[in-house]
Amino acid sequence: MGAWGFFPTSEVRFHHMTMIDNREGFGASLEISGAAAYEGSLIMLMDNKIYGETEVTDCPEDGSYCKVFDKSGFLMSGASEHGKSLMPQMSSALPMYKIKSIGSWGGVQRNYRNEFYNFKKTTA
Amino acid sequence: MVEFYDSKFIDVDGDALSYIMDPNPGWANVKDCGNFPCTAPLNVLFTFTDSIFEGSRPRWATPDFQIIANNSGFAPYIDSCEPSEDMNAYVCEEEKLGVLLFESEDDDMKDRSMQPIYVSKQGTEMSNKLNSMMDHVWDGFYSGQIRMSRFGSIIEGSRGSVYDLTFTGTPAKKMRFLMNGLSRTMGATLRIAYPGAESRSIVKDGTIVEMNQWDEGLSQYGEIKQRFCGENRYIGVQNILEFYITANCTLHIQPRDAIQTLVRMEWTMAEFFADGGTTSFVDRLTASLGIHASQVKIVSVYEGSLVATTT
(Lines give C-alpha, C1' and ligand atoms only; values in the text may rest on other atoms or scores of the structure.)
Protein backbone atom coordinates (compact mmCIF):
# COMPACT_ATOMS: atom_id res chain seq x y z
CA MET A 1 0.00 0.00 0.00
CA GLY A 2 0.95 3.65 -0.13
CA ALA A 3 2.10 5.61 2.86
CA TRP A 4 -0.03 5.06 5.90
CA GLY A 5 0.39 6.44 9.38
CA PHE A 6 -1.21 5.85 12.72
CA PHE A 7 -0.48 8.56 15.21
CA PRO A 8 -1.55 9.28 18.81
CA THR A 9 -2.25 12.95 18.13
CA SER A 10 -5.10 15.28 17.23
CA GLU A 11 -3.77 16.34 13.84
CA VAL A 12 -1.65 14.89 11.07
CA ARG A 13 -0.70 16.28 7.65
CA PHE A 14 0.64 14.42 4.61
CA HIS A 15 1.76 16.77 1.86
CA HIS A 16 3.81 16.94 -1.34
CA MET A 17 3.99 13.17 -1.72
CA THR A 18 3.80 11.13 -4.93
CA MET A 19 1.99 7.80 -4.97
CA ILE A 20 2.14 5.43 -7.94
CA ASP A 21 0.34 2.18 -8.60
CA ASN A 22 -0.88 1.61 -5.05
CA ARG A 23 -3.10 -1.28 -4.15
CA GLU A 24 -4.62 0.12 -0.94
CA GLY A 25 -4.04 3.84 -1.35
CA PHE A 26 -2.66 6.13 1.28
CA GLY A 27 -3.93 8.06 4.24
CA ALA A 28 -3.68 8.27 7.98
CA SER A 29 -5.40 7.29 11.18
CA LEU A 30 -5.40 9.10 14.47
CA GLU A 31 -5.57 7.67 17.95
CA ILE A 32 -7.54 10.08 20.09
CA SER A 33 -9.89 9.38 22.97
CA GLY A 34 -11.40 10.94 26.06
CA ALA A 35 -12.10 14.65 26.29
CA ALA A 36 -9.57 15.44 23.56
CA ALA A 37 -11.66 13.61 20.97
CA TYR A 38 -14.49 16.08 21.47
CA GLU A 39 -12.19 19.03 20.84
CA GLY A 40 -11.83 17.90 17.24
CA SER A 41 -9.18 16.07 15.27
CA LEU A 42 -7.97 16.59 11.75
CA ILE A 43 -6.33 14.54 9.04
CA MET A 44 -5.09 16.71 6.19
CA LEU A 45 -3.71 15.44 2.90
CA MET A 46 -2.61 18.20 0.56
CA ASP A 47 -0.62 18.87 -2.59
CA ASN A 48 -0.09 15.18 -3.32
CA LYS A 49 0.05 13.50 -6.73
CA ILE A 50 -1.57 10.09 -7.04
CA TYR A 51 -1.16 7.93 -10.11
CA GLY A 52 -3.24 4.93 -11.12
CA GLU A 53 -2.25 3.31 -14.40
CA THR A 54 1.26 4.01 -15.70
CA GLU A 55 3.44 2.80 -18.56
CA VAL A 56 4.43 -0.10 -16.36
CA THR A 57 1.69 -2.65 -16.90
CA ASP A 58 0.53 -5.22 -14.40
CA CYS A 59 0.56 -7.91 -17.09
CA PRO A 60 3.38 -7.41 -19.66
CA GLU A 61 3.03 -9.13 -23.01
CA ASP A 62 6.05 -11.33 -22.41
CA GLY A 63 4.09 -13.08 -19.67
CA SER A 64 6.91 -12.78 -17.18
CA TYR A 65 4.40 -11.89 -14.47
CA CYS A 66 0.81 -10.83 -14.09
CA LYS A 67 -0.46 -9.31 -10.89
CA VAL A 68 -3.80 -7.62 -11.29
CA PHE A 69 -5.32 -5.90 -8.29
CA ASP A 70 -7.82 -3.18 -7.66
CA LYS A 71 -5.93 0.07 -7.17
CA SER A 72 -6.80 2.87 -4.82
CA GLY A 73 -5.45 6.40 -4.60
CA PHE A 74 -6.87 7.23 -1.20
CA LEU A 75 -8.06 4.89 1.47
CA MET A 76 -10.57 6.53 3.73
CA SER A 77 -8.80 7.88 6.78
CA GLY A 78 -10.24 8.01 10.26
CA ALA A 79 -9.79 8.57 13.95
CA SER A 80 -10.19 5.89 16.57
CA GLU A 81 -10.06 5.74 20.32
CA HIS A 82 -7.28 3.22 20.52
CA GLY A 83 -4.80 1.50 18.30
CA LYS A 84 -2.59 -1.50 18.07
CA SER A 85 1.05 -1.77 18.86
CA LEU A 86 3.68 -1.34 16.18
CA MET A 87 4.51 -5.02 16.56
CA PRO A 88 1.25 -7.01 16.29
CA GLN A 89 1.18 -9.85 18.76
CA MET A 90 -1.90 -11.69 17.55
CA SER A 91 -3.30 -12.65 14.19
CA SER A 92 -6.34 -10.37 14.41
CA ALA A 93 -4.02 -7.38 14.48
CA LEU A 94 -3.34 -7.70 10.76
CA PRO A 95 -3.53 -5.96 8.37
CA MET A 96 -2.04 -2.85 9.91
CA TYR A 97 -4.49 -0.39 8.31
CA LYS A 98 -7.38 -2.07 10.12
CA ILE A 99 -7.19 -0.39 13.49
CA LYS A 100 -9.93 -2.34 15.23
CA SER A 101 -11.15 0.19 17.75
CA ILE A 102 -14.16 2.38 18.33
CA GLY A 103 -14.26 5.35 15.98
CA SER A 104 -13.62 8.67 17.71
CA TRP A 105 -16.30 11.32 17.96
CA GLY A 106 -14.87 14.11 15.94
CA GLY A 107 -12.47 12.94 13.25
CA VAL A 108 -12.46 15.09 10.10
CA GLN A 109 -10.48 14.53 6.92
CA ARG A 110 -9.75 17.52 4.70
CA ASN A 111 -7.88 17.23 1.43
CA TYR A 112 -6.49 20.19 -0.50
CA ARG A 113 -5.11 20.45 -4.03
CA ASN A 114 -4.49 16.75 -4.58
CA GLU A 115 -4.08 15.54 -8.15
CA PHE A 116 -5.29 12.16 -9.38
CA TYR A 117 -3.94 10.77 -12.65
CA ASN A 118 -5.15 8.02 -14.91
CA PHE A 119 -7.49 5.90 -12.81
CA LYS A 120 -9.53 3.53 -14.98
CA LYS A 121 -12.46 1.23 -14.44
CA THR A 122 -10.22 -1.80 -14.90
CA THR A 123 -6.53 -2.14 -14.21
CA ALA A 124 -4.10 -2.69 -17.12
CA MET B 1 -17.17 12.94 6.47
CA VAL B 2 -14.32 13.55 4.04
CA GLU B 3 -13.81 16.94 2.41
CA PHE B 4 -11.94 17.55 -0.84
CA TYR B 5 -11.00 21.04 -2.04
CA ASP B 6 -9.41 22.06 -5.34
CA SER B 7 -8.86 18.47 -6.41
CA LYS B 8 -7.66 17.82 -9.94
CA PHE B 9 -8.71 14.69 -11.83
CA ILE B 10 -6.73 13.98 -14.99
CA ASP B 11 -8.01 11.10 -17.13
CA VAL B 12 -9.99 9.63 -14.29
CA ASP B 13 -13.00 7.57 -15.34
CA GLY B 14 -16.27 8.33 -13.59
CA ASP B 15 -16.57 4.70 -12.60
CA ALA B 16 -13.14 4.80 -10.99
CA LEU B 17 -13.50 7.90 -8.89
CA SER B 18 -14.46 6.00 -5.76
CA TYR B 19 -15.78 2.73 -4.46
CA ILE B 20 -17.74 2.50 -1.23
CA MET B 21 -17.93 -0.97 0.23
CA ASP B 22 -21.13 -2.37 1.65
CA PRO B 23 -21.03 -3.43 5.27
CA ASN B 24 -19.60 -6.95 5.44
CA PRO B 25 -22.51 -9.39 6.00
CA GLY B 26 -20.09 -11.41 8.10
CA TRP B 27 -20.17 -8.65 10.72
CA ALA B 28 -23.66 -9.79 11.68
CA ASN B 29 -22.65 -11.96 14.59
CA VAL B 30 -22.66 -11.67 18.37
CA LYS B 31 -18.95 -10.89 18.54
CA ASP B 32 -19.03 -7.92 16.16
CA CYS B 33 -22.27 -6.09 15.36
CA GLY B 34 -25.16 -8.22 16.61
CA ASN B 35 -28.11 -9.14 14.43
CA PHE B 36 -27.15 -7.02 11.44
CA PRO B 37 -23.89 -5.53 10.15
CA CYS B 38 -22.58 -2.25 11.51
CA THR B 39 -23.68 0.66 9.36
CA ALA B 40 -20.82 3.16 9.19
CA PRO B 41 -19.96 2.36 5.54
CA LEU B 42 -23.53 3.24 4.55
CA ASN B 43 -23.32 6.67 6.13
CA VAL B 44 -20.10 8.11 4.75
CA LEU B 45 -20.08 11.41 2.90
CA PHE B 46 -17.45 12.67 0.46
CA THR B 47 -17.75 16.31 -0.50
CA PHE B 48 -15.86 17.82 -3.43
CA THR B 49 -15.50 21.57 -3.81
CA ASP B 50 -13.92 23.47 -6.72
CA SER B 51 -12.80 20.31 -8.50
CA ILE B 52 -11.10 20.38 -11.89
CA PHE B 53 -11.43 17.64 -14.53
CA GLU B 54 -9.03 17.26 -17.45
CA GLY B 55 -8.79 14.67 -20.23
CA SER B 56 -11.38 11.92 -20.05
CA ARG B 57 -13.93 12.75 -17.42
CA PRO B 58 -17.19 11.49 -15.96
CA ARG B 59 -20.31 12.68 -17.76
CA TRP B 60 -21.49 14.20 -14.48
CA ALA B 61 -18.24 16.09 -13.90
CA THR B 62 -18.87 19.35 -12.10
CA PRO B 63 -16.74 21.41 -9.70
CA ASP B 64 -18.94 20.79 -6.66
CA PHE B 65 -20.47 17.40 -5.96
CA GLN B 66 -20.85 14.76 -3.27
CA ILE B 67 -20.55 10.99 -3.21
CA ILE B 68 -22.58 8.94 -0.75
CA ALA B 69 -22.99 5.24 -0.17
CA ASN B 70 -25.51 2.99 -1.86
CA ASN B 71 -27.73 3.20 1.21
CA SER B 72 -31.19 2.01 0.14
CA GLY B 73 -32.74 3.66 3.17
CA PHE B 74 -31.45 7.11 2.27
CA ALA B 75 -29.82 7.73 -1.12
CA PRO B 76 -32.84 7.01 -3.39
CA TYR B 77 -34.82 9.71 -1.56
CA ILE B 78 -32.44 12.56 -2.40
CA ASP B 79 -33.60 14.08 -5.67
CA SER B 80 -30.23 15.29 -6.86
CA CYS B 81 -28.43 11.97 -6.32
CA GLU B 82 -27.83 9.53 -9.17
CA PRO B 83 -26.77 5.93 -8.64
CA SER B 84 -23.46 4.67 -9.98
CA GLU B 85 -23.41 0.90 -9.98
CA ASP B 86 -19.67 0.57 -10.56
CA MET B 87 -18.87 2.86 -7.63
CA ASN B 88 -21.53 1.21 -5.45
CA ALA B 89 -22.46 4.77 -4.60
CA TYR B 90 -24.58 7.78 -5.50
CA VAL B 91 -23.25 11.00 -7.00
CA CYS B 92 -25.10 14.07 -5.76
CA GLU B 93 -25.31 17.80 -6.21
CA GLU B 94 -26.79 18.64 -2.85
CA GLU B 95 -24.78 21.02 -0.68
CA LYS B 96 -26.97 20.39 2.36
CA LEU B 97 -25.79 16.85 2.92
CA GLY B 98 -24.13 16.18 6.23
CA VAL B 99 -23.49 13.56 8.88
CA LEU B 100 -25.47 13.51 12.10
CA LEU B 101 -23.49 12.09 15.01
CA PHE B 102 -25.08 11.15 18.28
CA GLU B 103 -24.16 9.03 21.24
CA SER B 104 -25.27 7.99 24.68
CA GLU B 105 -23.76 9.87 27.61
CA ASP B 106 -25.21 7.49 30.19
CA ASP B 107 -23.02 5.34 32.39
CA ASP B 108 -24.15 2.27 30.47
CA MET B 109 -23.13 3.71 27.09
CA LYS B 110 -21.08 0.59 26.31
CA ASP B 111 -23.34 -1.99 27.92
CA ARG B 112 -26.87 -1.28 26.73
CA SER B 113 -28.14 -1.32 23.16
CA MET B 114 -30.55 1.18 21.62
CA GLN B 115 -30.26 -0.10 18.05
CA PRO B 116 -31.54 -0.49 15.50
CA ILE B 117 -32.39 3.19 15.25
CA TYR B 118 -34.34 4.37 12.23
CA VAL B 119 -33.76 7.88 10.88
CA SER B 120 -36.73 8.90 8.75
CA LYS B 121 -37.43 12.19 7.04
CA GLN B 122 -41.04 13.24 7.29
CA GLY B 123 -42.79 13.42 3.94
CA THR B 124 -40.61 10.68 2.45
CA GLU B 125 -40.27 6.90 2.68
CA MET B 126 -36.72 7.34 3.97
CA SER B 127 -35.72 4.87 6.66
CA ASN B 128 -32.02 4.77 7.44
CA LYS B 129 -31.36 1.86 9.78
CA LEU B 130 -28.45 2.46 12.13
CA ASN B 131 -26.32 0.11 14.17
CA SER B 132 -23.86 1.12 16.86
CA MET B 133 -20.12 0.67 16.97
CA MET B 134 -18.58 -2.74 16.41
CA ASP B 135 -17.35 -4.68 19.40
CA HIS B 136 -13.59 -4.27 19.17
CA VAL B 137 -12.79 -5.26 22.70
CA TRP B 138 -11.16 -8.58 22.12
CA ASP B 139 -9.56 -10.57 24.87
CA GLY B 140 -7.73 -13.16 22.88
CA PHE B 141 -10.28 -15.44 21.27
CA TYR B 142 -13.30 -13.88 22.97
CA SER B 143 -15.06 -10.57 22.38
CA GLY B 144 -15.69 -8.18 25.23
CA GLN B 145 -19.40 -7.82 24.53
CA ILE B 146 -18.85 -4.09 24.87
CA ARG B 147 -20.25 -1.81 22.19
CA MET B 148 -20.26 1.95 22.22
CA SER B 149 -23.73 3.46 21.67
CA ARG B 150 -22.45 5.95 19.12
CA PHE B 151 -24.16 6.46 15.78
CA GLY B 152 -23.49 8.27 12.53
CA SER B 153 -26.24 8.98 10.04
CA ILE B 154 -26.08 10.61 6.64
CA ILE B 155 -28.62 13.41 6.59
CA GLU B 156 -30.01 16.03 4.24
CA GLY B 157 -30.72 19.29 6.03
CA SER B 158 -32.60 21.56 3.66
CA ARG B 159 -34.88 24.19 5.16
CA GLY B 160 -37.93 22.62 6.80
CA SER B 161 -36.43 19.16 7.22
CA VAL B 162 -37.96 17.15 10.05
CA TYR B 163 -36.57 13.77 11.02
CA ASP B 164 -37.96 11.12 13.33
CA LEU B 165 -35.37 9.13 15.24
CA THR B 166 -37.07 5.89 16.21
CA PHE B 167 -35.20 3.96 18.86
CA THR B 168 -36.15 0.31 19.07
CA GLY B 169 -34.42 0.16 22.44
CA THR B 170 -34.99 2.61 25.27
CA PRO B 171 -33.25 5.89 24.38
CA ALA B 172 -30.43 6.97 26.65
CA LYS B 173 -31.31 9.53 29.29
CA LYS B 174 -28.40 11.75 28.35
CA MET B 175 -27.24 12.11 24.77
CA ARG B 176 -24.89 14.22 22.66
CA PHE B 177 -25.73 15.38 19.12
CA LEU B 178 -23.60 16.99 16.43
CA MET B 179 -24.43 17.69 12.80
CA ASN B 180 -21.40 17.85 10.52
CA GLY B 181 -21.93 19.72 7.29
CA LEU B 182 -20.38 22.31 5.01
CA SER B 183 -23.48 24.40 4.37
CA ARG B 184 -23.98 27.15 6.92
CA THR B 185 -27.71 27.12 6.31
CA MET B 186 -28.38 23.43 6.74
CA GLY B 187 -30.29 22.15 9.73
CA ALA B 188 -33.05 19.78 10.75
CA THR B 189 -35.66 19.31 13.41
CA LEU B 190 -35.16 16.00 15.20
CA ARG B 191 -37.98 14.20 17.00
CA ILE B 192 -37.45 11.47 19.58
CA ALA B 193 -40.34 9.59 21.16
CA TYR B 194 -39.67 8.46 24.72
CA PRO B 195 -41.36 5.51 26.43
CA GLY B 196 -41.63 7.37 29.77
CA ALA B 197 -43.30 10.56 30.96
CA GLU B 198 -40.14 12.26 32.24
CA SER B 199 -39.51 15.48 30.35
CA ARG B 200 -36.19 16.31 28.64
CA SER B 201 -34.08 19.46 28.33
CA ILE B 202 -31.71 20.61 25.60
CA VAL B 203 -28.34 21.91 26.73
CA LYS B 204 -26.13 24.07 24.54
CA ASP B 205 -22.74 25.35 25.64
CA GLY B 206 -23.48 24.24 29.18
CA THR B 207 -26.75 26.17 29.42
CA ILE B 208 -30.28 24.82 29.24
CA VAL B 209 -32.14 26.14 26.21
CA GLU B 210 -35.64 27.00 27.36
CA MET B 211 -38.54 25.42 25.53
CA ASN B 212 -40.62 27.50 23.15
CA GLN B 213 -43.34 29.65 24.66
CA TRP B 214 -46.69 28.06 25.38
CA ASP B 215 -49.05 28.37 22.43
CA GLU B 216 -52.65 28.85 23.52
CA GLY B 217 -53.89 28.00 20.06
CA LEU B 218 -52.09 24.66 20.02
CA SER B 219 -52.67 24.05 23.74
CA GLN B 220 -49.04 22.99 24.01
CA TYR B 221 -45.58 24.47 23.69
CA GLY B 222 -45.04 26.34 20.42
CA GLU B 223 -43.91 24.38 17.41
CA ILE B 224 -40.31 24.40 16.25
CA LYS B 225 -39.75 27.26 13.79
CA GLN B 226 -36.12 26.34 13.02
CA ARG B 227 -34.92 29.71 14.24
CA PHE B 228 -31.73 28.72 16.11
CA CYS B 229 -29.74 25.67 17.08
CA GLY B 230 -31.21 24.24 20.25
CA GLU B 231 -34.78 25.48 19.79
CA ASN B 232 -36.88 22.81 21.42
CA ARG B 233 -40.08 21.67 23.03
CA TYR B 234 -41.23 18.57 24.85
CA ILE B 235 -44.69 17.40 23.89
CA GLY B 236 -46.24 16.09 27.08
CA VAL B 237 -48.47 13.00 27.16
CA GLN B 238 -47.12 11.96 23.74
CA ASN B 239 -43.64 12.20 25.29
CA ILE B 240 -41.89 13.48 22.18
CA LEU B 241 -38.82 15.71 22.32
CA GLU B 242 -38.38 18.00 19.34
CA PHE B 243 -35.28 20.10 18.79
CA TYR B 244 -33.57 21.93 15.96
CA ILE B 245 -29.91 21.37 15.17
CA THR B 246 -27.74 23.17 12.64
CA ALA B 247 -24.42 22.39 11.02
CA ASN B 248 -21.45 22.16 13.38
CA CYS B 249 -23.60 22.74 16.46
CA THR B 250 -23.33 20.43 19.47
CA LEU B 251 -26.35 19.79 21.67
CA HIS B 252 -26.94 17.62 24.68
CA ILE B 253 -30.15 16.02 25.92
CA GLN B 254 -30.59 15.57 29.63
CA PRO B 255 -33.53 14.57 31.82
CA ARG B 256 -35.65 17.40 33.09
CA ASP B 257 -36.92 16.74 36.59
CA ALA B 258 -40.52 17.17 35.55
CA ILE B 259 -43.47 15.21 34.30
CA GLN B 260 -45.73 16.99 31.84
CA THR B 261 -49.29 15.80 31.99
CA LEU B 262 -52.77 16.74 30.96
CA VAL B 263 -55.88 16.39 33.09
CA ARG B 264 -59.31 16.27 31.53
CA MET B 265 -62.31 17.04 33.80
CA GLU B 266 -66.05 16.80 33.39
CA TRP B 267 -66.61 20.37 34.51
CA THR B 268 -67.45 23.73 33.06
CA MET B 269 -64.91 26.53 33.14
CA ALA B 270 -67.25 28.58 35.30
CA GLU B 271 -67.63 25.81 37.86
CA PHE B 272 -63.90 25.17 37.87
CA PHE B 273 -62.97 28.76 38.63
CA ALA B 274 -65.89 29.24 41.02
CA ASP B 275 -64.44 26.43 43.10
CA GLY B 276 -61.01 27.98 43.49
CA GLY B 277 -59.69 27.45 39.98
CA THR B 278 -56.05 26.57 39.51
CA THR B 279 -55.11 27.29 43.13
CA SER B 280 -57.53 24.78 44.55
CA PHE B 281 -56.66 22.31 41.80
CA VAL B 282 -52.98 22.48 42.70
CA ASP B 283 -53.74 22.20 46.41
CA ARG B 284 -55.84 19.08 45.92
CA LEU B 285 -53.41 17.51 43.46
CA THR B 286 -50.35 18.06 45.65
CA ALA B 287 -52.18 16.94 48.79
CA SER B 288 -53.14 13.69 47.14
CA LEU B 289 -49.59 13.17 45.83
CA GLY B 290 -47.96 14.22 49.09
CA ILE B 291 -45.75 16.85 47.49
CA HIS B 292 -45.30 20.58 47.98
CA ALA B 293 -47.54 22.89 45.96
CA SER B 294 -44.50 24.66 44.49
CA GLN B 295 -43.65 21.51 42.55
CA VAL B 296 -46.72 21.78 40.32
CA LYS B 297 -47.13 24.41 37.64
CA ILE B 298 -50.29 24.83 35.60
CA VAL B 299 -49.41 26.14 32.18
CA SER B 300 -52.87 26.25 30.64
CA VAL B 301 -56.54 25.69 31.30
CA TYR B 302 -58.87 25.45 28.37
CA GLU B 303 -62.26 24.11 27.40
CA GLY B 304 -62.51 21.02 25.50
CA SER B 305 -64.01 19.65 27.82
CA LEU B 306 -62.17 21.25 30.73
CA VAL B 307 -58.46 20.44 30.46
CA ALA B 308 -55.64 21.50 32.80
CA THR B 309 -52.14 20.99 31.50
CA THR B 310 -49.58 20.68 34.29
CA THR B 311 -45.86 20.31 34.74
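Tutor: In chain B, six strands make up an open sheet whose order is 13-8-15-23-17-18, with antiparallel pairing. Here a strand is a DSSP run of E with at least two residues, a helix is a run of H or I with at least four, and both are numbered from the N terminus. The model is a predicted one, in which local features need pLDDT of at least 70 and side-chain atom pairs count only at pLDDT 80 or more, whereas totals for chains, interfaces and linings use all residues. Residues are numbered from 1 along each chain as its sequence is written, while chains are lettered from A and ligands numbered from 1 in the order in which they are written.

Student: Why do strand 13 and strand 18 of chain B stand at the edges?

Tutor: Strand 13 (150-156) and strand 18 (207-209) of chain B each have a single partner strand, so one side of each has no neighbour in the sheet.

Student: What makes strand 8 and strand 15 of chain B a pair?

Tutor: Two strands pair if DSSP finds at least two bridges between them, and strand 8 (residues 97-104) and strand 15 (residues 175-181) of chain B have seven, in the antiparallel sense. One of the bridge partners in strand 15 of chain B is B:Asn180, which goes with B:Val99. Strand 8 of chain B is also joined to strand 13 of chain B by seven bridges, again running antiparallel, and B:Leu100 has B:Ser153 in strand 13 of chain B as its bridge partner.

Student: What makes strand 13 of chain B mostly covered?

Tutor: The test is residue by residue: a residue is buried if 20 or more other C-beta atoms, placed from the backbone, lie within 10 Å of its own, exposed if 12 or fewer do, and partly exposed in between. In strand 13 of chain B, seven of its seven residues are buried. Burial holds for both faces of strand 13 of chain B, with B:Arg150, B:Gly152, B:Ile154 and B:Glu156 pointing one way and B:Phe151, B:Ser153 and B:Ile155 the other.

Student: Why does A:Ile50 count as buried?

Tutor: A:Ile50 has 25 C-beta neighbours inside 10 Å and therefore counts as buried. A:Ile50 belongs to strand 6 (residues 49-51) of chain A. Leaving out residues up to four places away in sequence, A:Ile50 touches A:Met19, A:Gly73, A:Asn114, A:Glu115, A:Phe116 and A:Tyr117, where contact means that C-beta atoms placed from the backbone lie within 7 Å.

Student: How many residues does each chain bring to the contact between chain A and chain B?

Tutor: Chain A brings 21 residues and chain B brings 23. On the side of chain A, strand 8 (107-112) and strand 9 (115-117) each supply at least two residues, and strand 8 of chain A gives the most, with five. By class, that side of chain A holds eight nonpolar, seven polar and six charged residues; Ala, Val, Leu, Ile, Met, Phe, Trp, Tyr, Cys and Pro count as nonpolar, Asp, Glu, Lys and Arg as charged, and the others, including Gly, as polar.

Student: What makes strand 9 of chain A and strand 2 of chain B a pair, and in which sense?

Tutor: Three bridges connect strand 9 of chain A with strand 2 (residues 8-10) of chain B in the parallel sense. The bridge partner of A:Tyr117 in strand 2 of chain B is B:Ile10.

Student: Which strands of chain B pair with strand 3 of chain B?

Tutor: Strand 1 (residues 2-5) of chain B pairs with strand 3 of chain B in the parallel sense over four bridges, and strand 5 (residues 65-69) of chain B is joined to strand 3 of chain B by four bridges, running antiparallel. B:Phe48 is the bridge partner of B:Phe4 and also stands opposite B:Phe65 in strand 5 of chain B.

Student: What span does helix 2 of chain B reach, and what is expected?

Tutor: Helix 2 (residues 277-289) of chain B has 13 residues and reaches 18 Å from first C-alpha to last, close to the expected 18 Å, the expectation being 1.5 Å times one less than the number of residues. Just after helix 2 of chain B, B:Gly290 takes a positive phi of about 75 degrees.

Note on methods
Contact = placed C-beta atoms within 7 Å.
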